[in-house]
Amino acid sequence: MTLDKQDIARKLRALRERTVQNGCTEQEAYAAAALAAKLMDKYGLSMTDAEIGDETCMIGYIETGRKRCHEVQYALFGIKQFTDCICYLDNCPTGKMIVFFGLPEDVEMAKYLVGVVKAAMDTELLLYKSRCKELGEPTGRRQSHSFLLGMAGRVGTRLRKMKLDLNRDTVKTTGRDLMVIKGGVVATQWAENPISLGRSKGRYATNSDRGAYTDGQAAGSRVNLNRPIGGSRGGHLLGKD
């Protein structure tokens, strides 16, 4: 069965409504975001400028439960570009939180990516510290921080490249730069509805152990950014790495 343009747009709108704020579980929201992205890719991102412009942006956040944000924050430059979201750090009662503002499926995808990258960073750090301990090398805070910085930086760079490649393919097949269109919609709605939150200033990333940083970059290259969502065989993130 072939879907026409109206069917695609209607299905995309329905998927965009499957958010945590609308009563879905996080797994259901992530799966809906992945399916929406897959549909847009399959049909050449065929939503018209007007249809995209009619979409209402949402705000989503992840509470870290820490006074100091996890080093995953240094991968946010790639996550926000990949998802076309505005992103910043903020304070909340439990500590720091990561805030995303954008189209519903993009916000859900951004939240999913943070979870994927953070879990990978935590796992790889344990493996790194175990290897260092066996070799009799230092495994203190300085080495751990540098390792995670290298990993976050590498993941961020990979996501940016994936986005550029995806956008380039989209322009070739449709003649439309969706990244620019969506960016304009998000920026306009952000300006019209400023969120009055006390945004915290990001800390400058300092690297004091070059060897650990390089090891972190290697670990960042191993993160699977094309894994399925919710166990689905077909629900992979878009883009080639």
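Predicted model: local features only at pLDDT ≥ 70, side-chain atom pairs only at ≥ 80, totals over all residues.
Local features in the model need pLDDT of at least 70 and side-chain atom pairs count only at pLDDT 80 or more, while totals for chains, interfaces and linings use all residues. Residues are numbered from 1 along each chain as its sequence is written, and side-chain values use heavy atoms, with hydrogens and water left out.

**View 1**
Strands pair if DSSP finds at least two bridges between them; a strand is a DSSP run of E with at least two residues, a helix a run of H or I with at least four, and both are numbered from the N terminus. Strand 1 is joined to strand 3 (residues 95-102) by six bridges, and Ile62 stands opposite Ile98 of strand 3.

**View 1. Helix 4 has a buried face.**
In helix 4 (residues 76-83), the buried residues are Leu76, Gly78, Ile79, Phe82 and Thr83. Buried means under 20% relative accessible area, exposed over 50%, and partly exposed in between (1.4 Å probe, protein chains only). Seen down the axis of helix 4, the buried residues fall within an arc of 160°, so they line one face. The arc is that of the directions from the helix axis to the C-beta atoms.

**View 2. His70 sits in a loop.**
Look for His70 between strand 1 and helix 4. His70 is buried, with a relative accessible area of 4%. Leaving aside neighbours within four places in sequence, His70 is in contact (heavy atoms within 4.5 Å) with Lys118, Met121 and Asp122.

**View 3. One aromatic pair is found in the structure.**
Tyr128 and Phe147 are stacked, 4.4 Å centre to centre with 15° between the planes. Rings of Phe, Tyr and Trp (its six-membered ring) pair if their centres lie within 6.5 Å; planes under 30 degrees apart count as stacked, over 60 as edge-to-face and the rest as tilted. Tyr128 and Phe147 are both buried.

**View 4. The largest nonpolar core has 41 residues.**
Such a core is a set of buried Ala, Val, Leu, Ile, Met, Phe, Trp, Tyr and Cys residues joined through side-chain atoms within 4.5 Å. Leu76, Ile79, Ile98, Phe100, Phe147 and Leu159 touch the most other members. Helix 5 gives the largest share, 13 residues.
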